[in-house]
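Student: I am new to this structure. Please take one part and walk me through it closely, then show me how its surroundings are built.

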Amino acid sequence: MRQHHDDFMQILLGISGGIAAYKTPEVVRALVAAGHQVRCVLTENAAQLVAPQALVTVSGNPVYDSLWSQDGRIPHIETVRWCDLLLVAPATANLLAKCALGLADDLLSTGFLALEPDKPCIMAPAMNTVMWNKPIVQQHLATLKAQGVHMVDPVSGNLACGEEGIGAMASVDGLVAAVQEHAQ
């Protein structure tokens, strides 16, 4: 599976359109500092919350945001073939639902379906507490876990909506630790 040195991996960071997307340059920086290579896939909504050029700058790698390329490449295959691990942070309720149901209408959800079964996928859900507690969201989480997706559960804290509760994306350190478990 590994295409390079020891415990260092090629990580594809999928960023969906939750407000926690603003934290992803720090996630990239921490993963790169740990020796990993990182490429990012942005959903259309995520691109409204984090600047693609910021991700290019901290990763030193291209950022992908479209199913289509001008040069005949097939990004949803190319990106997941390149990676050793797919990390989705934040994973919105919408993205969890699409992945659990096998829906693929953008580069990130299509890439999830194209990820080879021997490659790990880690998701870090982040959303409002009421959304997190909805039975349908919990059902989608259970479906994904049953399919072998590893979850880094959200934490309690001050949410973007001004409320206090569970739903904040796990810390940068928590995400890096989850990735490191798979780098052993």
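Tutor: Start with Thr 24, which lies in helix H1. Keep in mind that this is a predicted model. Is Thr 24 buried or exposed? Its relative accessibility is 0%, so Thr 24 counts as buried.

What does Thr 24 touch, once neighbours within four places in sequence are left aside? Its contacts are Leu 13, Ile 15, Val 50, Leu 55, Ala 89 and Pro 90. Not every residue of the chain is at hand, though. Ile 74 is 50 residues from Thr 24 along the chain, and their C-alpha atoms are 25 Å apart.

Ala 89 and Pro 90 are joined by a cis peptide bond, with omega at about -5°. Pro 90 itself is part of strand E4.

Two packed helices are described by the angle between their axes and the distance between the axes. Helix H2 covers residues 52–59, and its axis comes within 9 Å of that of H1. The two axes cross at roughly 10°. H1 and H2 are therefore roughly parallel to each other. On the H1 side, the contact is made by Thr 24, Pro 25, Val 28, Arg 29 and Val 32. On the H2 side, Leu 55, Val 58 and Ser 59 take part. Sorted by class, this contact has five nonpolar residues, two polar and one charged.

H1 has another partner. Helix H1, residues 24–33, also packs with helix H8, residues 172–182. Here the angle is about 45°, and the axes are 10 Å apart. H1 and H8 are therefore oblique to each other. Their crossing is right-handed. H1 supplies Glu 26, Val 27, Ala 30 and Leu 31 to this contact. H8 supplies Val 172, Leu 175, Val 176 and Val 179. Seven of the residues in the contact of H1 with H8 are nonpolar, none is polar and one is charged.

Why do such lists skip along a helix? An α-helix has 3.6 residues a turn, so residues three or four places apart point the same way.

Now go back to strand E4, the strand that holds Pro 90. E4, residues 85–91, is also among the elements that cover the buried residues of helix H4. How many of the nine residues of H4 are buried? Seven are, so H4, residues 93–101, is largely enclosed by the rest of the structure. The buried ones are Ala 93, Leu 95, Leu 96, Ala 97, Lys 98, Cys 99 and Ala 100. Besides E4, the cover includes helices H5 (107–114), H6 (129–133) and H7 (135–146). Strands E5 (121–125) and E6 (150–151) are included as well. After H4 comes Gly 102, whose phi is positive, near 75°.

Look at H7 against H4. The two helices pack at an angle of about 50°, with their axes 9 Å apart. That makes H4 oblique to H7. The crossing of H4 and H7 is left-handed. From H4, the residues that meet H7 are Ala 93, Leu 96, Ala 97, Cys 99, Ala 100 and Leu 101. From H7 come Val 137, His 140, Leu 141, Thr 143 and Leu 144. This contact of H4 with H7 has nine nonpolar residues, two polar and no charged ones.

H7 also holds Ala 146. At 70% relative accessibility, Ala 146 counts as exposed. Asn 61 is 85 residues from Ala 146 in sequence, and 32 Å from it in space, C-alpha to C-alpha.

Now a word on the cysteines. How many disulfides does the structure hold? The count is zero. Take Cys 40: the closest cysteine sulfur, in Cys 83, is 12 Å from its own, too far for a bond. Cys 83 is in no disulfide either, and its nearest cysteine sulfur, that of Cys 121, is 8.9 Å away. Cys 40 counts as buried, at 0% relative accessibility. Cys 83 counts as buried at 0% too.

Asp 7 sits in the segment before strand E1 (10–15). With a relative accessible area of 40%, Asp 7 is partly exposed. Asp 7 and Ala 34 are 27 residues apart along the chain, yet their C-alpha atoms are separated by 9.6 Å.

Conventions. Residues are numbered from 1 along each chain as its sequence is written. This is a predicted model: local features need pLDDT of at least 70, side-chain atom pairs count only at pLDDT 80 or more; totals for chains, interfaces and linings use all residues. Side-chain values use heavy atoms; hydrogens and water are left out. A disulfide is a pair of cysteine sulfur atoms within 2.5 Å. Buried means under 20% relative accessible area, exposed over 50%, partly exposed in between (1.4 Å probe, protein chains only). Axes are lines fitted to C-alpha atoms, for helices over the stretch in contact, and angles run from 0 to 180 degrees between N-to-C directions. Helices (H or I, at least four residues) and strands (E, at least two) are DSSP runs, numbered from the N terminus. Angles under 35 degrees count as roughly parallel, over 145 as roughly antiparallel, 65 to 115 as roughly perpendicular and the rest as oblique. A crossing is left-handed if the near helix is turned anticlockwise from the far one by less than a right angle, and right-handed if clockwise. Contact means heavy atoms within 4.5 Å. Ala, Val, Leu, Ile, Met, Phe, Trp, Tyr, Cys and Pro count as nonpolar, Asp, Glu, Lys and Arg as charged, and the others, Gly among them, as polar.
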